Structures are given as structure tokens and as C-alpha cells.
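This report describes selected features of a single protein chain. The sequence and the three-dimensional structure are shown first, and the description follows.

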Amino acid sequence: GISFGRLDQYLHKYYKGDSTLAERLFKNLFLKTNEIIALYDSIATQYFGGMATTQNALIGGMDVDGKDATNELTYIILDVFENIGVPSPNVVVRCHEFTPSKLYKRISSYLENGKNLLGLYNDEIVIKALMRYGISLEEARNYGVVGCVGLSTSGTSFDNTGAIFLSLPKALESTLGIDKTIISNIIENHKNPLEYNSLDEIMSSFQGSLRSIMELSIKAANSFQQAHRELKPTPLMSLCIDGCFEKGQDVNRGCAKYNFSGIHVTGFSDVVDSLAAIDKAIFQDKEVTMKDLFKALKKNFRKNESIRSYLLNKCPKYGSDNEKVDRIAKKVAEITNEAVEGFKCARGGEYRVGIHAMTTHVGFGVFTNALPSGRRKGEPLTKDVAPGTSSEQGLTAVIKSITKFDHSLFGNGLACTLNINPEIAKIENGNIIESLLRTYFRLGGSHVQFNAISPTKLKA
């Protein structure tokens, strides 16, 4: 997860106008990053498949004065990354209100060719998120990205953005009494789930469960951080972060200006869809009793297909621009953010939360029971803020749902992965994609990346 930061900014002063030389150097750099292959054991691979190194190269965005910082290297790096066809590094383009149309057109042509290794971040929202944690405006404007989507300042912070990966549905399982792991025995107890009389009662209990699981996870993560401090110093990284060399201390001892740690949660829409289904099926329509629902969940819907069909097809879903469901999503987002308030990491900094799975949604799904959303036991969870199957409602409805909660709450960053037909990018010379992206960002969307695969290619 050690990343290059704003490549096109700090290298631009060395660029003498020779694009051929610059392209050759960047090709060599990007090839070099792919020599690193992380080998995990079988358990780790279940959660972090694909052996990703998650290095990041950041381009575009605004400068410390708030002006557009796009330059020649921004486009050269995009060209090189598209042509070289390697999985690493992750390239993230920073966007803002004054990002030139030319750059959006270049992104559109990138998607048109079915390329998927490109993320986009909204400067305005990210800057707001970082300033919530006391980071100055100038430093926030010069932010970097760790790995995939973890937020950091450039050179003044040691952000252990992946300190914890956590399954949100585990807190819901505990609330509903369907979790059979040791967690339910050591976090705070709740009343008999059959006695819930409203969605508000369930949400309140979910909030308590999540807070308890967060506290448990943070105790474990802090133990790891203390072990790193004593047993695994990182002198090279310490040289790259302001303050460490001057103080003669390793970065693991908290000598950086900022020392945040991060928690990434997964299964966001699984929780939202489950709560919406309970509200609709039990409290509104009274089509299903709580007792029958729990029975169906514990049996993984065996001989209860009618209940599962109702939950899947008759209950509203996140991502369909449904006001009631989106209010639940907003509340779940706020609860998730509040669950880490007041906790400190071993280096003295605050914990920040994000919504991002890498590939842990697959491993967590194996150990997650059937859910009220209609999802069966063992299936992968949803990985980020994007909805699951409800994306069938259409891209504009999805975007409206996603942007109804405050993305700046998530100081550890979030991911939003949407599926599009790359042929859309060909329409009107990229104007459709530019309009889509600008609208998403103006509505408050923080991050977006696309799976751009055409039906034609899939059939072939």
C-alpha cells in the first residue's frame, strides 16, 4: 500500500517537453511496480485474492491555491498506463469543479476501450472530509491516496488506512440474534429479537452492536501496531515522512504530524437492504412475522422460498432512488461513522472509517448467514457504497441514491464501483460520460470507478 502520491505534480518541474522520453521512463516505472508479487497463505488469500500490491499513482486535481493543476504529465501518465496494460499501480484521477473538459474526454476514451483500472476522486468532498480531522486547507488540497482509496496528506502523515477490515452485516447478525460466532458472547447483549416493535428499535440495537465490535477490533489492531513499533521498524518509510528524521524516531512511534488509522467496512448495502426489507415485510405490510423470518434465515431459506422471493422482489432496494430506503442508508452511514468516535490508535491519532472491501467481501461472505435482504448464506457481500442487484434500476437512480448521504463523513475514503457499457462512452464524443461524472460529483459523490465491459465482448 505504499504509494507514489501526485506523480504529475512533483515530477513536472523535471519535464523538459520530451514526451517520448517521459513515456519511456513512466513505462519502466510502471513495469517495475509489477515485479512485486505478494504471496499470501490460504487464509489470507480468502480475504485478499489477486495478490494485489495496491500501489497508487495520483494525477490531476487542484493545487494548494485551489486552482486546476492538470499538466502535460497528467495526460502522458494516462496514455502510458492505458498502453502498457499492467495491473499495478492503481491510477486515480483527482477531479474538481474546474477540471478541464479535455481530461474528462480522455477518461471517456479510456472507458470506451474497455479499460477498468482507473478511479476518480472528487477533490471538494475529500478536502472537506480531511478538514473534519483538523487538517489544514492547504494540506488537504494536496492530499494523496494510499493503496486503492485510503486518504492521506502528502508526506506529513502516517495513515495506517487498512488497520481493520470489518463486516457491517456481522453487527446486524448480532442484533437479530442469528450470529453464532464468539462475537455474540463478548459484545453487549440485546433484548430478545422477537420483541422488536419497530425499525427504530432495531437500528438502535444495531448501533450498539457495531460500536462494541468496533471497540473489540480496535483493541486488536492497536496490539498489532504496538508490536510493529517494537519489532518491525521502517527506516526507509520514516525518511519519506516529515518529522521522523528530525526527531530521530521511527514512524511507527507516532512522530509524524498526523497519525490516523483506518477502518474499512464492507456489506453496506446488504445492511441497508436488510433493514428496508424488515421494515416493509414485518412492520409495514405485515406479510412476514419476525419469528418466521428468523426461521427462514437460520435454514438459509430452505423450504422458505416464498419468503425469500418476497424479500427479493417485493421489498424496496438501495440504489433505486427510493426515499425511504435512502433515509435508512443515510442513517447507517451516520451510525458507521459515529461507531469510531473517540477511539485512538497506538500512535495517538484518531481512527477514521471508510467503505471499501478490497476483496474481503468474498471472505466475509463465507462466514455470513442468510440475510433479510434475500441474500443466501455464504454469498459474497457487497463491496462498497454501490448497490448490489438493485443496479438494474438504472445508473441515474443509483447515483441519486448513493449521493443522499454525506460522503465527507468517511475520512478513510470510500469506493464506488459501477458497471457501464463502454459503448456509452462513444456517444457525443464523450459528452455523456463527462456529464455523468460532473453530475455525480456535484451531487456529492466522493469516488467512482467503472467496470466497463460490453455485451458484445461478453458474448464473444
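In this predicted model, three strands make up an open sheet with parallel pairing, in the order β7-β8-β9. The edges are taken by β7 (160-167) and β9 (351-355); each has a single partner strand, so one side of each is left without a neighbour in the sheet. From one strand to the next, the twist averages 30 degrees. Strands of a sheet pair through backbone hydrogen bonds, in either a parallel or an antiparallel manner. Here, β7 pairs in the parallel sense with strand β8 (residues 261-266) over five bridges.

**Helix α13**

Helix α13 covers residues 268-284 and contains 17 residues. The distance from its first C-alpha to its last is 23 Å, close to the 24 Å expected at 1.5 Å a residue. The helix is mostly covered, since 15 of its 17 residues are buried. Just after α13, Lys286 adopts a positive phi of about 55 degrees.

**Backbone features in loops**

Two residues of the loop between α14 (290-298) and α15 (305-313) deserve attention, Phe301 and Lys303. Phe301 is not a glycine, yet has a positive phi of about 70 degrees. Lys303, likewise a residue other than glycine, has a positive phi near 60 degrees. Are these side chains buried or exposed? Phe301 counts as buried because its relative accessibility is 0%, whereas Lys303 counts as exposed at 88%.

A cis peptide bond is found between Ser88 and Pro89, with omega about 5 degrees. Pro89 belongs to the loop between α4 (72-84) and β3 (90-95).

**Salt bridges**

The structure contains 19 salt bridges. Three of them are set out below.

| Residue pair | N to O distance |
|---|---|
| Lys105 and Glu434 | 2.5 Å |
| Arg229 and Glu230 | 3.5 Å |
| Arg253 and Glu230 | 3.7 Å |

The salt bridge between Lys105 and Glu434 has partners in two helices: Lys105 lies in α5 (residues 101-112) and Glu434 in α19 (residues 431-442), so the pair ties together parts that are 329 residues apart in sequence. Lys105 is partly exposed at 24% relative accessibility, while Glu434 is buried, with a relative accessible area of 10%.

Glu230 takes part in salt bridges with Arg229 and with Arg253. The Arg253 pair links distant parts of the chain, 23 residues apart: Arg253 is in the loop between α12 (244-247) and β8, and Glu230 is in helix α10 (residues 199-231). Both arginines count as partly exposed, Arg229 at 25% relative accessibility and Arg253 at 42%.

Elsewhere, a network of salt bridges links Asp321, Glu323, Asp326, Lys400 and Lys404.

**A nonpolar surface patch**

Which residues form a nonpolar patch on the surface? They are Ile182, Ile186 and Leu216, which together have about 290 Å² of accessible area. Ile182 is located in the loop between α8 (168-176) and α9 (183-186). The cut-off for an exposed residue is over 50% relative accessible area; Ile182 therefore counts as exposed, at 60% relative accessibility.

Terms used
Residues are numbered from 1 along each chain as its sequence is written. This is a predicted model: local features need pLDDT of at least 70, side-chain atom pairs count only at pLDDT 80 or more; totals for chains, interfaces and linings use all residues. Side-chain values use heavy atoms; hydrogens and water are left out. Patches are made of residues with over 30% relative accessible area and no salt bridge: like charges are joined within 9 Å, nonpolar side chains (Val, Leu, Ile, Met, Phe, Trp, Tyr) within 5 Å. Accessible areas come from the Shrake-Rupley method with a 1.4 Å probe; for residues, only the protein chains shown count as cover. A salt bridge is a side-chain nitrogen of Lys or Arg within 4 Å of a carboxyl oxygen of Asp or Glu. Helices (H or I, at least four residues) and strands (E, at least two) are DSSP runs, numbered from the N terminus. Buried means under 20% relative accessible area, exposed over 50%, partly exposed in between (1.4 Å probe, protein chains only). The expected span of a helix is 1.5 Å times one less than its number of residues. Two strands pair if DSSP finds at least two bridges between them. Axes are lines fitted to C-alpha atoms, for helices over the stretch in contact, and angles run from 0 to 180 degrees between N-to-C directions.
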